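Me: I'd like to go through this one with you, beginning with a sheet and then moving out to the chains and their contacts. Can you keep the answers plain?

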Amino acid sequence: MTTVEHNRSLFGNLAGALAQLRAPGEGSSLLVAILLGVTLLMSAANLLLPAESPLYVSTYTITLMGKYLCFAMLAMAVDIVWGYCGILSLGHGAFFALGGYGMGMYLMRQIGDRGVYGNPDLPDFMVFLNWQELPWYWQGMDQFWFALLMALLVPGLLAFVFGWLAFRSRVTGVYLSIMTQALTYALMLAFFRNEMGFGGNNGLTDFKDMLGFDLQADGTRVALLMATALLLALTFVASRAIVQSRLGRVVVAIRDAEPRARFLGYRTEGYKVWLFVYSALVAAVAGMLYVPQVGIINPGEFSPLNSIEVVVWVAVGGRGTLYGAIVGALLVNYAKTRFTAVMPDGWLFALGTLFVVVTVLLPKGLAGLLQRGRTTDAETRGENNTGEVSAGDAPAEPITGEARA
Amino acid sequence: MNVKKFVAGMALAAGTSVLSAAVMAADTIKVGVLHSLSGTMAISETTLKDTVLMMVDEQNRKGGLLGKKLEAVVVDPASDWPLFAEKTRELLTKEKVDVIFGCWTSVSRKSVLPVIEELNGLMFYPVQYEGEESSKNVFYTGASPNQQAIPAVDYLMNDLEVERWVLAGTDYVYPRTTNKILEAYLEAKGVDKKDIMVNYTPFGHSDWQSIVADIKKFGGAGKKTAVVSTINGDANVPFYKELANQGVSAEDIPVVAFSVGEEELSGIDTRPLVGHLAAWNYFQGVDSEANERFIQEWKKFTGDEKRVTNDPMEATYIGFNMWAKAVEKAETTDVDAVEQAMIGIEFPNLSGGVAKMNKNHHLSKPVFIGEIQDDGQFEVVWETDGLVAGDAWSDFLPGSKDLIADWTAPIKCGNYNTKAKACGGQGQ
Amino acid sequence: MKHLLLTGCLLLALVTTLPAASAGSVVSEQAAPSATPASEEPGGNRQVLLARLTRASLRESAEVLDQLERSGGRAMRGLFAAMLAGDLYYHRETGRLMAVQKNPAGERIGSDIFTGEGLGVQSRGSIKKVRVNNRLRSHLRDAIARIDLMHGTEAQKEGAVLAILDDLSPQNMRLLQVTADAGQSDRVSELIELARAMVELRDSSVTDARLSAIAVMSGRLEAPVRNQLQRLLDDERESDRKIRIAAQQSLEEIEGRIAFYDFMEQLFFGLSLGSVLLLAAIGLAITFGVMGVINMAHGEMIMLGAYTTYVVQQLMPGAIEYSLVVAVPAAFLVSGSVGVLIERGVIRHLQGRPLETLLATFGISLILQQAVRTIFSPLNMPVVTPGWMSGVFAINPVFSVTFNRLYILLFALAVFALLLVTLKKTSLGLNVRAVSQNRDMAKAMGVRTEMVDAMTFGLGSGIAGVAGVALSQLTNVGPNLGQSYIIDSFMVVVFGGVGNLLGTLVGGFSLGVTNKFLEPATGAVLANIIVLVCLILFIQKRPKGLFPQRGRAAE
């Protein structure tokens, strides 16, 4: 297949995916409906009801929900590459954090002269470390559209370069996972450095407003939550469409047997790179929404352990289903919030046990539990036994019932 | 079916919060405790959680405050900085606490700051920090750089006749700011730039071979050399181990640390470290009646004869007692009233003097220099003559030398520019 | 449990004072033969001075010590040494000075400063320590050096002359003169010669004499020599061109030699860092490299090994010197059996799903960390460095090697060699290799694959535990110990090539050396980042690492 043909087929697939967008599957529309419905209800309960009302939803719950939804979006991004293409990324936190930093830089510039030193150009942390002028990479970040563009462009480009290098040289399996980990680890170390001009360990914080709206106002928070829910729904539908399109099927084929797909004439690395970039962009969007809602972004978000945790959410929810990733992220994070308040001294035991039990007993996560009713057990079992001890391969898995429907 | 599960999860999330929000505040005064009990900072912060619990206990035994009992609300922000902001919001809106004692790292405080200002809460921050901050809603009971770093350097310069300086720190905001201040201070004292070596290392740095070798070489130039260490937390143990192994003794190159206290030393074999220094506002070894009593109570409370006390604990102790006094003075726990009542409050500190809360929400405290002993304790070798007032804004940084904080009328502002006579940093 | 630990802590605290104690007693033995003053009439003046020492403020003490040195000279060495070590106490009531050391049972045993005569057990309240600070300690050290110059052993004399190079006062030069007159070994005389040359260069005005002084000084690596030459060149009043040129040449020669030793030093640092990486990664090379299990709990196996060291030291407080020898097999057993448990309990069920082992072992690592936090407290635990592991092996004044790093380097190589032999020469090794290469075939040949899996995982975990023993000598023993090594370990294994032990060896050392050679130029953080980026690029070039696995197992 020539490059031109290859491109055409790629675009053809993309067009197919777009076509799918208009007719989303039954299951996904239900999920979207619930997502939007619950958010809407919560928002209304927060804004319209008086604080004394038993049905009142506190701003605390709103921001918490917003955070969960951002994590859900990140988990979905991981599921797209891991569940459908077998690329286990242990570094998706990097794209998430880069998106977050983009947004953070914009919010930082919006503070203007309201910082503690009243310097109209420089953020506070630069003033007290004696920076004289704004570094070049901070220029233009006071424009929302530009910041938005950068917050997508930088992680997208990073994903492209990394993916292009790695997939072209056929770095696969564990090697790839460890490399993604090295990537986010290197970025974490870099962002910790104060010389980088991103506020070092403290990161970016003390945001005031966004597009002229006060970030601390209830209305803004509700709007951000709604935006997050909407974008989660949108990316979910888009991702669903992609994985159900012809492109999606090729991707699954690559996951199950990459050499075979290659022998059939598919430029596997091309598919992988684009899927990886798309996934990184979704993660970046999640990061952009995350920052104004939690009010801080710092290098801790790059920590490899965070990225591993995301993978665990996906595993708990069930990979290769998209909705499983969302459910997993919501559930684990909710558990974390509860556990840290209820049993502050022992919550890691509970979390650790949860991970072990889910992986051993529910190889397909919670989504697998649901599917057991639909697909025959034999199919699942049969596939699992074929695996050999080879560090490189993603586990073979049948196309999920959902995807076939 | 998947849908049901999903709805259930969502409903659960929404439901619990609705329920807990509906619980009415009982007739107690609630004290929020916001210290990490897991993650990397648990090692330091757990102690402070216990200290607050002990103080609450004690106050209740004295009959509580304003005729009400105190109730501690403990949460675990898990060394996760965004989680600090989230838990603060939880404490203030769900639990409706009257005061929060919490945070250790600068980043956690910075994360909490917008929330506590938005919801007009009250927080006591008990750890030495880089300064450059004064919020209406926060009282800083730990040391600012002029209460720790500058006296320590003065001691080294005057008493040990140090001429060459190594400023070694972990790469984050506290060491960066402190070292900036020290550099400016040393240069003002006539120290040549060539005689100052600045070195930054990442968090948890464990391989100190090259850096210690460099320090040795730097110190071999024939002038008395000292290391001013702002190395944080876990990185200290391998650093001191390497110092000991490469045979750098305190007589040759003394190391004065601002983040190493009794608790950190309890994890090290201190025999090879005898003579290295630390600067704090309190040492367990300080000889005073109040201190003796406090140590006894602490050992009783923890049920552990080996438990040590340290400076942030004393800062918590002072902060808690000052708050109690201010509440009694204001006869309410209302944040604005307590905030105004706090200013000027005095309370005996554990080292025998009296600490005073200043207009800038920082304390006046004595400064001690201690030498490490072989039992992991410090022996005080030097102390300031009187109290040192904490500076919110350093006089040695160009950006902040004109700034002051004053929360009394008529200024009522955390960053008042004395030149421009206006609030808001550099003035408009 | 807590109680047991407490007692343990107490014992440990006592034990830590042991080596110091033994050092102290050596000193008093040496002092004893010379302690004639005790039999002579102990001058009343000295008694007054000694009494003053117990009451003096830190500032006054220095003067008292000077007077004591003048009055007693050699006899005072024991007193000074005890005071320097912080062992000098006085009786609260009688005011009698004594050296006090703790015995293994924790009792305070007093002994006379001058005669070494035992004074029996002292209760804690009855004695008080004579205060000492840095300034006094350096004062004491100088005084001891002066005494040693006259009466010490060869090594002591050498050290004393070296100390004097820093302070070439007329008084000290007279002291050197007296020493030289008494006739000394070659090395000491040579050093005294050097000191004279330095004084000559400093004070003389005769060009020839100064030139020959520079000739004596050239090539010497002692820091004072370098500093003096540098000062001379910086001094604008020094107008004698000949002297300037000679000094310049001499300094350049010295610096040339130093540059070479700096290189050697960096190489050693790199190898040492490499050995730490190797130790940390070598267990992973088995569990991950050979078995294909992405073992995120590997770091916690290291942590368990380090905690085992701590517990062993608690259990044998009287024999810290041997504790590491016991700790190595103990740590192997502890971590190894935990490894076998994990394999039997969890990994076994994840056969053929390598990426999922990552998730399960991640959960296990959280549990183990929290378990350690619950059992031992979140604080770091103090692990003592035995005497034979501390100190430096000084090759010359600018290049020295610390013993602990040296031993750990050797230890890492030994562990590696042992593991290699186990895999190549034993039947277990044969089985392990067979199973990792072709599980079904091995099974068909009658290999008990399940058993072999458990053993392999146990072996890898056990070696991680052994690494923990070594790391406990370098870093924190706390709940976060494992996390700080896990990422590096994976990097090393992947860089070297999964499934290839030799790759791990080469990988560990090359990463360590690269890091250390970058560090002076870039700083520690940037060096780390550069190494990571290079690693990422390297893997693009060689997707299967340095030594890719060949044959069937590769695909």
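Reply: Gladly, and bear in mind that this is a predicted model. A place to begin is chain B, where β17, β18 and β19 form an open sheet of three strands, in the order β17-β18-β19 and with antiparallel pairing.

Me: Which strands stand at the edges there, and why is one side of each left without a neighbour?
Reply: The edge strands are β17 (403-406) and β19 (422-423) of chain B, and because each has a single partner strand, one side of each has no neighbour in the sheet.

Me: Over how many bridges do β18(B) and β19(B) pair?
Reply: Strand β18 of chain B, residues 413-417, pairs with β19(B) over two bridges, in the antiparallel sense.

Me: Staying with chain B, what domains is it divided into?
Reply: Chain B has a domain 1, made of 19-144 + 288-367, and a domain 2, made of 149-257. The C-alpha centres of domain 1 and domain 2 of chain B are 32 Å apart, and the contact between these domains involves six residues of domain 1 and five residues of domain 2. On the domain 1 side of chain B, the residues touching domain 2 are two nonpolar, two polar and two charged.

Me: Now the partners. How many residues of chain A are in contact with chain B?
Reply: 54 residues of chain A are in contact with 54 residues of chain B. On the chain A side, the elements giving two or more residues include α2 (26-47), α3 (59-85) and α7, while the largest share, seven residues, comes from α13(A). By class, that side of chain A has 32 nonpolar, 19 polar and three charged residues.

Me: You mentioned α7(A); how many of its residues are buried?
Reply: 19 of the 20 residues of α7(A) are buried, and the helix is thus described as mostly covered. The helix runs over residues 173-192 of chain A and reaches 29 Å from its first C-alpha to its last, close to the 28 Å expected at 1.5 Å a residue.

Me: And how many residues of chain C are in contact with chain B?
Reply: In that pairing, 44 residues of chain C are in contact with 44 residues of chain B. α6(C) gives the most to the chain C side, with five residues, and other elements that give two or more include α1 (2-16), α12 (241-290) and α22 (524-541) of chain C. The residues on this side of chain C divide into 18 nonpolar, 20 polar and six charged.

Me: What does chain C look like as a whole, in helices and strands?
Reply: Chain C has 22 helices and seven strands, and its C-alpha atoms fill a box of roughly 90 × 65 × 35 Å along the principal axes. Of its 555 residues, 49% are buried, and among the contacts in chain C with a separation of 6 or more, 71% are between residues 24 or more positions apart.

Me: Where does UniProt place the transmembrane regions of chain C?
Reply: The unreviewed UniProt entry places "transmembrane region" features on chain C at positions including 406-423 and 454-474. In the model, residues 406-423 of chain C are 100% helix and 0% strand, with the end C-alpha atoms 26 Å apart, whereas residues 454-474 of chain C are 86% helix and 0% strand, with the end C-alpha atoms 31 Å apart.

Me: Last one: is β6(C) covered or in the open?
Reply: Strand β6 of chain C, residues 392-396, lies largely in the open, because the number buried among its five residues is zero. A hairpin joins β6(C) to β7(C) through two residues, and β6(C) pairs with β7(C), residues 399-402, in the antiparallel sense over four bridges. In that pairing, Phe393(C) stands opposite Val401(C).

Technical notes
Residues are numbered from 1 along each chain as its sequence is written. Chains are lettered from A and ligands numbered from 1 in the order in which they are written. This is a predicted model: local features need pLDDT of at least 70, side-chain atom pairs count only at pLDDT 80 or more; totals for chains, interfaces and linings use all residues. Domain bounds come from an automatic or database domain assignment. Two residues are in contact if their C-beta atoms, placed from the backbone, lie within 7 Å. Ala, Val, Leu, Ile, Met, Phe, Trp, Tyr, Cys and Pro count as nonpolar, Asp, Glu, Lys and Arg as charged, and the others, Gly among them, as polar. Two strands pair if DSSP finds at least two bridges between them. UniProt positions are given in the numbering used here, feature names are shortened, and annotations may be inferred rather than shown by experiment. The expected span of a helix is 1.5 Å times one less than its number of residues. A residue is buried if 20 or more other C-beta atoms lie within 10 Å of its own, exposed if 12 or fewer, and partly exposed in between; C-beta atoms are placed from the backbone.
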